[in-house]
Structure formats: structure tokens, C-alpha cells
Amino acid sequence: MNKILLILLISTQIQAQIFLGNSGNISFFSETPIENITAVNDNVSAVFDASNNDLVFQLNISDFIFPNALMQEHFNENYLESDKYPNSTFSGTVTNWDNDNATVEGKLTIHGITNKITANGSFVNNGDFISIVANLSVKLDDYNIKIPTIVMYKIAENIKVHIDIKLKINK
Amino acid sequence: MRVFFFFLIFYMPYFLNAQDYLLSLLAKDKSPVYVSYLFKGTKIVNGQSVELQAKDILQFNIQHRFGPLNSGAYNLYGLDFSQVRLSLEYGLNDWLSVGVGRSSSTKVIDANSKFRLKRQIVNGFPVTIVINSVICLKQIPSSNLLNSNSNGVYDNLSYTHQILFARKITRNLSLQFTPTFIHYNFVEIKNNDRFSLGFGGRQKLTRRISLNTEFFYQLNEIINKNVLSIGFDIETGGHVFQLHLSNSPHMIDTDFITNTTGNFLKGDIFFGFNISRVFTLK
């Protein structure tokens, strides 16, 4: 009885194939006729569990770097309130993995508000590494991010987000 | 029963939400989280705040001060007089910034450097500490320089040294304590060295408007008054407008801390505003 149990335990531990990454890149673009704004975060971390196709992302809001320090201050202080909501997370599942493309569904939390999203992107498994590249669009209103009328024409309602991360198998 | 416990312990992660378990693997490293944005601007009202200009950012300031409110309707309550200080501030590094400026009415050229020693850390170091040093040169007509009693430029130099301690107490309230030492190379009435204690605060009223106050208490000065200033910072997206009332008409540390003769309570109040524009140099 005990031997069977032990085999069962070991087999489940091996089965969990976990891929980890800590220096992924997420950038976003706001495009309006007046101004284009872009910011980059190079400290994105993510985990993928190959046993059940679960995928999670996490980043610190204050790690986004803007070319203009004043914009960065407004982003942290007024829009994303990074002292109150220091990070953003995504937790979801790869639902459709076909060749090197995949569809991911899950919950995205920004500014303390969680929404269900679906994203498509390239999802390449090279044995020890998985590289993920995807684009998605985030509507500011969905996350209760309020833009004052005075700068309304400078900030897009829908922000384009670009994700690029490499995960390494965790042994 | 023991078998049951074995199951419970080894399979615990599987009873939890699998994704929450994965998120827990990502628990961030314990690097310190710095407290940022204690004040909106590099100045509280007239005096420096612990904020430094960010690296590679050049800020151009135009500061205006009008005459005293109690100067009567003939002078449109001070608006007929106006003086200006033009200045540039530049961030050499995230912890070091430098500036130059010139005040119109007192004809003072100033240069300063701000150096950040420590930053406030969430659940860690309690305050942000900055050292500010200013050197001021009062311009005089060249004919005075030929006066044999004068030591030339040397006589017209003065220095300010401050240690700024500030703490963000809540997300809306920041307080600052600023011990200040000022030295004049030449004074007509004694006291080359003067000490003051500065107190400042910022209370955010909305996300974009804050109320700032500043008080400089003179420790060994008999001629000059304590300086009280109240101002609003209004953020408009592109830049910050600062509107304020003070019993000092001056805009540079040496002058406003030690050359203030106005009495706030008697209506010697000067209205002023600052406009700034930032440029990114890279």
C-alpha cells in the first residue's frame, strides 16, 4: 500500500513541468493624432505549467519606464495609482495550442480591477525554452483608469500592449 | 489515517487553485520599494523640496512675484510691480541635480546642486534625505567694483546649505524639515552666519491639486521676519502651475530666508506664480 502511494507521489511531482521567466518585456503604446506615448517594463515574470497549460504573468507597475519623467509620474500617481495597486497580474490557461500559435484565456488584473480576456500570439516550445510573443488591446475604461478631459486627446482609449517573454524550464 | 495525512500534505498544492499556486512561485524578490513623489515639484513654495529633477531632464522655470497686497488700489494691490526669476534645472543623475537662475529685482545670479543621500523605503528607512547647496552672486554696477574699499566679487557672494528631511506620511500628506545655514561674505549689520529652521508640507486635495505650506523660523536673526508661504500646485497634464502667497517677494533661498521684511499678518503678502516646462535631453 505504502509503495503504491510513493510511486503515485513521485509520478505527480515529475509530471509538473514548470517553465519560469523573470526578465520578460511588456511595452505599451498609446496612439493619438497629437501624441504617441510608449513605456517599457523589462522585469516581467511569468510561469507556465506544461502539465495543465496554466499560464500566469506578474509585473510591478512602477517598473514601467517612460521617455519622459513627468509622464511616468502621472502614470504612477494619477492613472495607475501604483502605491495602492503595486502590481498587475494575469492568470489563465492556454486553451488552443496549434503548432507555434496559441490562444490564452484568463483574468487580467490592472489597477485593482479584474477582467476576463482572450489573447492570441506565438507560443514556441524549444524543449528547454518557451518563447511567448503576443499583442493585445486594453481599454482604459474597463480598468477604471480615468483620463482628465484636458489630456483626453493625448491619451488613447485603447492601449496597445506588446508582450515578449522567454521562459526556461525549472529543474 | 496516516495515509490520509500523507495525501493532504503532498497534494496540498493541487487542492489550491493551480494558478494561484503558480502566482505564488512568482513572489517578487525582497528588493526595497522606494517611496516616490513626495512633492509634485522640486520646490515646496520658495524653498527646495526633496524632489530632484529626473536624469536627463532639463526644466525651464519662469517665476513671477508681484508687489505687496497692501500697496493700495493705486498699485492695483501689488500687480503693478513684478519681478521675475528665470532658471534652469537639470538632472545629471537620479541622485544629483544642478540648477542656475537669475532674479530680476535683486540682480542675483544663483547656482545650486541637490544631492540625494537616502530615500524613504516602504516598511524601511523612514525619510528621504537631500542636501541642497546654493551659491549666490549679487551683481553690482561695475563702477562700484573700482571702489578701493571693496573686495570685488568676493564681497557679493553668499552661501546656503540645507539638509532636507522629508517623509510621505500618507499617500496625500508629506512633511519636510529643513535646517538651514546661510553665510554672507560681507554684511553691513553683523551676523555673517544665520541659522533657520524650515518646515514644509504638502497635502493633496485632489489627484491633481495640492496645498503646500512652508515656514522658515529664524534662529539668530533679529532684523528679519519668519517666512510663511502658502501655495497651490495645479497639475494640468503637461506641466505644473504653482500659485502662492508669501510674505517674501524673493525667490532664491539666500534672499527669501534672510531678507524678508514683510509681515504676513499686516498684509505684506506677495502673490506669485511659477510656470515650468520640461525638455528631455538624451
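**Figure 1. The closed barrel of chain A.** In this predicted model, eight strands of chain A form a closed barrel in the order β1-β2-β3-β4-β5-β6-β7-β8, with antiparallel pairing. Helices (H or I, at least four residues) and strands (E, at least two) are DSSP runs, numbered from the N terminus. Two strands are said to pair if DSSP finds at least two bridges between them. Strands of a sheet pair through backbone hydrogen bonds, either parallel or antiparallel. From one strand to the next, the twist averages 25°; axes are lines fitted to C-alpha atoms, for helices over the stretch in contact, and angles run from 0 to 180 degrees between N-to-C directions. Chain A contains two helices and eight strands, and its pattern along the sequence is α-β-β-β-α-β-β-β-β-β. The C-alpha trace of chain A spans about 70 × 35 × 25 Å along its principal axes.

Two notes apply to every view. Residues are numbered from 1 along each chain as its sequence is written, while chains are lettered from A and ligands numbered from 1 in the order in which they are written. Since the model is predicted, local features need pLDDT of at least 70 and side-chain atom pairs count only at pLDDT 80 or more, whereas totals for chains, interfaces and linings use all residues.

Figure 2. Strand β6 (residues 113-125) of chain A is joined to β7(A) by five bridges, and the two run antiparallel. Across this pair, A:Phe123 stands opposite A:Ile132 in β7(A). The hairpin of β6(A) and β7(A) has three residues between the strands, and A:Gly127 takes a positive phi near 85° there. On to β8(A), β7(A) is joined by 11 bridges, again with the strands running antiparallel. A:Phe129 has A:Lys168 in β8(A) as its bridge partner.

**Figure 3. The loop residue A:Asn99.** A:Asn99 lies in the loop between β4 (87-98) and β5 (101-110) of chain A. Is A:Asn99 buried or exposed? A residue is buried if 20 or more other C-beta atoms lie within 10 Å of its own, exposed if 12 or fewer, and partly exposed in between, with C-beta atoms placed from the backbone. A:Asn99 counts as exposed because it has 8 C-beta neighbours inside 10 Å. A:Val124 is 25 residues from A:Asn99 in sequence, and the C-alpha atoms of the two are 8.0 Å apart in space.

**Figure 4. Nonpolar cores.** A nonpolar core is a set of buried Ala, Val, Leu, Ile, Met, Phe, Trp, Tyr and Cys residues joined through C-beta atoms within 7 Å. The largest core has 23 residues, and A:Ala46, A:Phe48 and A:Val56 have the most contacts inside it. At least two residues of this core come from each of β1 (18-31), β2 (36-49), β3 (54-60), β5, β7 (129-139) and β8 (158-169) of chain A. A second, separate core of 15 residues includes B:Phe66, B:Val227, B:Met251 and B:Phe264. Of the 171 residues of chain A, 25% count as buried; of the 282 residues of chain B, 35% do.

**Figure 5. Helix α3 of chain B against the sheet of chain A.** β3(A) and β4(A) pair in the antiparallel sense over seven bridges, and A:Leu59 stands opposite A:Ser88 in β4(A). α3(B) packs on the sheet and touches β2, β3 and β4 of chain A, its direction making about 40° with that of β3(A). Two residues are in contact if their C-beta atoms, placed from the backbone, lie within 7 Å. Beyond its neighbours within four places in sequence, A:Val56 is in contact with residues of both chains, among them A:Ala46, A:Phe90, B:Gln19, B:Leu22 and B:Leu23.

**Figure 6. The contact between chains A and B.** Chain B brings 20 residues to the contact and chain A brings 23 residues. On the side of chain B that touches chain A, α1 (2-10), α3 (18-25) and β12 (270-280) of chain B each give two or more residues. Of the elements, α3(B) gives the most, with five residues. By class, this side of chain B has 12 nonpolar, five polar and three charged residues; Ala, Val, Leu, Ile, Met, Phe, Trp, Tyr, Cys and Pro count as nonpolar, Asp, Glu, Lys and Arg as charged, and the others, Gly among them, as polar. The predictor gives the complex an ipTM of 0.75 and a pTM of 0.82.
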